[in-house]
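Student: I'd like to go through this model and ask what stands behind the labels. Could we take the helix packing to begin with?

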Amino acid sequence: MAAEQSQVWTVTRIAERLGVSRFRVEYAISSRRIMPSSRAGIARIFDEAALGAIEAAICEIQTIRERGHRVAGEEACTP
């Protein structure tokens, strides 16, 4: 029986999945200090938990840009 492997994500694949530019993903990763789970050569590899954190960061950044500020206690994004 083969062990089920979790899916791994590179910056480019994350950008494609979320429908945003690679640069927006890079900014979310660096501004929130999200660490890769591993590396493959020079590529950073992110797991599902990091993918969720990156998606939340992008959503929060977009909300702040649209409103011009963050509203305390309010959800930044809705699914």
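Tutor: Helix 1 (residues 11–18) and helix 3 (residues 48–67) pack at an angle of about 55 degrees, and their axes are 11 Å apart. Keep in mind that this is a predicted model, where local features need pLDDT of at least 70, side-chain atom pairs count only at pLDDT 80 or more, and totals for chains, interfaces and linings use all residues. Residues are numbered from 1 along each chain as its sequence is written, and side-chain values use heavy atoms, with hydrogens and water left out.

Student: Why is helix 1 called oblique to helix 3?

Tutor: Angles under 35 degrees count as roughly parallel, over 145 as roughly antiparallel, 65 to 115 as roughly perpendicular, and the rest as oblique. The angle here is about 55 degrees, so helix 1 is oblique to helix 3. Axes are lines fitted to C-alpha atoms, for helices over the stretch in contact, with angles from 0 to 180 degrees between N-to-C directions. The helices themselves are DSSP runs (H or I, at least four residues), and strands are too (E, at least two), numbered from the N terminus.

Student: Which residues make that contact?

Tutor: Ile14, Arg17 and Leu18 of helix 1, with Glu48, Leu51, Ile54, Glu55 and Ile58 of helix 3; contact means heavy atoms within 4.5 Å. By class that's five nonpolar, no polar and three charged. Ala, Val, Leu, Ile, Met, Phe, Trp, Tyr, Cys and Pro count as nonpolar, Asp, Glu, Lys and Arg as charged, and the others, Gly among them, as polar.

Student: What makes helix 1 roughly perpendicular to helix 2?

Tutor: Their axes come within 8 Å and cross at roughly 110 degrees. That puts helix 1 roughly perpendicular to helix 2. Val11, Thr12, Ile14 and Ala15 in helix 1 meet Arg22, Val25, Glu26 and Ile29 in helix 2, a contact with five nonpolar, one polar and two charged residues.

Student: And how are helix 2 and helix 3 set to each other, parallel or perpendicular?

Tutor: The axes of helix 2 and helix 3 come within 9 Å and cross at roughly 100 degrees, and the two are therefore roughly perpendicular. Arg24, Val25, Tyr27, Ala28, Ile29 and Ser31 in helix 2 meet Ile54, Ala57, Ile58, Ile61, Gln62 and Arg65 in helix 3. This contact has eight nonpolar, two polar and two charged residues.

Student: What makes a set of residues a nonpolar core?

Tutor: They must be buried Ala, Val, Leu, Ile, Met, Phe, Trp, Tyr or Cys residues, joined through side-chain atoms within 4.5 Å. The largest one has 15 residues, and those with the most contacts inside it are Ile14, Val25, Ala28, Ile29, Ile34, Phe46 and Ile54. Helix 1, helix 2 (22–31) and helix 3 each supply at least two residues, and the largest share, six residues, comes from helix 3. Ile54 touches Ile14, Val25, Ala28, Ile29, Ile34 and Phe46, not counting residues up to four places away in sequence.

Student: Why is Arg33 called exposed?

Tutor: Buried means under 20% relative accessible area, exposed over 50%, and partly exposed in between (1.4 Å probe, protein chains only). Arg33 has 71%, so it is exposed. Arg33 lies in the loop between helix 2 and strand 1 (38–40), and has a positive phi of about 50 degrees although it is not a glycine. Most residues other than glycine have a negative phi.

Student: What about Gln62, exposed or partly exposed?

Tutor: Gln62 has a relative accessible area of 29%, so it is partly exposed. Gln62 sits in helix 3.
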